[in-house]
Amino acid sequence: MQKRWFQTLIALILVFLLIILVKEANFIFSPIFQLVGAVALPVIGAGLLFYITRPLMHLLEKMKLHRLLAIMIIFILLIVAMFVAARYIFPSLQSQFSKLVSNIPGWISTLEGLIEYWQDNQRSIPDEVNEAINHIRSNLQSYIQSTMSFIFGFIGEFISIMFAMVLIPFFLFFMLKDGEKFVPFITQFFEKKKADNIRSLFYKIDEALTSYIQGQIIVALCIGTLLYVGYSIIGLHYALTLAIFGLVINVIPFIGPYIAVTPAIIVGFFQDPLMPVWVAVITVIAQQIEGNLVSPNVMGKALHLHPLTVITVVLAAGSIAGFLGMLFAIPLYAVVKTIISHFYQTYQDAQKNDEDALI
């Protein structure tokens, strides 16, 4: 037991020394990180499309189509989808978003006027409440600016992703064409037993990512569609813009729905005092349909993570890397968890059989 603790302590010391060395040798690793960062977005974007389109490719192959022909059909469908979005969705989205931004100064003035009117017509407000209201009123502009900076920051990140999409088709093509050759290429350098172990690890990682990515995207699309239909029924202004915002933000587990409904409630309040109630009703209905019908069927094989773990990971990633961190925190955590669980299980099996526990 003492020997094991000693080995663990030495391992931790070596890890910390490695971190210190990496920090001190930043001039060496900085160009590498810049290179990885430049390639990361196209690779991640292509990876997402890979997990979305791979089932269709396998379906077309089952229909006796050659893989290259199946990939060409997938690319044609993607081009058609982009054309439809550019032709019918983006113009309306741009128009609604421009109108939304132009109305914000008027909303701020209206809100300040309501606060001032309420204060002037109240006679028994405690001083503490008055101070709090005055503080909110004096900082209202900064609150709105902070909210808008978050929205515009999200839009900026989205635009940078759009620029990176130029390289995505090239990565996607080779992922679809040669993706199945990656694991055999890695395992060829190991003996059979260890190669089988590594192959099992990659299979677990692929299964976890497939379940999560496909499930989250399908769920987000369903939520976005339900929100758009509901917002249109109640006559909420900027329904398409708010629904697409909800679609994107709902990809973030647990926290996403609460962030997504906030702009809709604010817009509804300035449109009609009762509109936020209808927005809340639409949101609850959409979440109930998603939680009881969509998620149980779509996310049946998805990650079994405790809600507290998900919230902690998402918040930590958001504070470190912003929106993109919140977006990719859970799949990255799932991959790390899968790797650690696999090697821990391998270690336990090796201890029983008195074998090498590395892989």
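1. F182 is partly exposed, at 45% relative accessibility; the term covers values between buried, under 20% relative accessible area, and exposed, over 50%, with a 1.4 Å probe and protein chains only. F182 lies in helix α7 (residues 182-187). Helices here are DSSP runs of H or I with at least four residues, strands are runs of E with at least two, and both are numbered from the N terminus.

2. The model is predicted: local features need pLDDT of at least 70, side-chain atom pairs count only at pLDDT 80 or more, and totals for chains, interfaces and linings use all residues. Residues are numbered from 1 along each chain as its sequence is written, and side-chain values use heavy atoms, with hydrogens and water left out.

3. The chain has 12 helices and 0 strands. Of its 359 residues, 31% are buried. Among contacts with a separation of 6 or more, 69% come from residues 24 or more positions apart, where contact means heavy atoms within 4.5 Å.

4. A pair of aromatic rings is described by the distance of the centres and the angle of the planes. The structure holds 5 aromatic pairs; rings of Phe, Tyr and Trp (its six-membered ring) pair if their centres lie within 6.5 Å, and planes under 30 degrees apart count as stacked, over 60 as edge-to-face and the rest as tilted. One of them is F173 with F174, which is edge-to-face at 5.2 Å centre to centre and 85° between the planes. F173 is partly exposed at 25% relative accessibility, and F174 is partly exposed with a relative accessible area of 48%. F75, F173 and F174 form one aromatic cluster.

5. F182 and F202 also pair: their ring centres are 5.6 Å apart and their planes stand at 90°, so this pair is edge-to-face. The pair links distant parts of the chain, with F182 in helix α7 and F202 in helix α8, 20 residues apart. F202 is partly exposed, at 25% relative accessibility.

6. Two packed helices are described by the angle between their axes and the distance between the axes. Helix α8 (residues 192-234) packs on helix α9 (residues 239-249) at an angle of about 155°, with axes 8 Å apart. Axes are lines fitted to C-alpha atoms, for helices over the stretch in contact, and angles run from 0 to 180 degrees between N-to-C directions. The angle makes α8 roughly antiparallel to α9; angles under 35 degrees count as roughly parallel, over 145 as roughly antiparallel, 65 to 115 as roughly perpendicular and the rest as oblique.

7. On the α8 side, the contact is made by A220, L221, G224, L227, Y228, Y231 and S232, and on the α9 side by A239, L240, L242, A243, G246 and L247. By class, this contact of α8 with α9 has 10 nonpolar, 3 polar and no charged residues. Ala, Val, Leu, Ile, Met, Phe, Trp, Tyr, Cys and Pro count as nonpolar, Asp, Glu, Lys and Arg as charged, and the others, Gly among them, as polar.

8. T241 also lies in helix α9. T241 is buried, with a relative accessible area of 9%. Leaving aside residues up to four places away in sequence, T241 touches L93, Q96 and F97.

9. I44 lies in helix α2 (residues 26-62) and is partly exposed, with a relative accessible area of 32%. I44 and F328 are 284 residues apart in sequence, and their C-alpha atoms are 9.5 Å apart in space.
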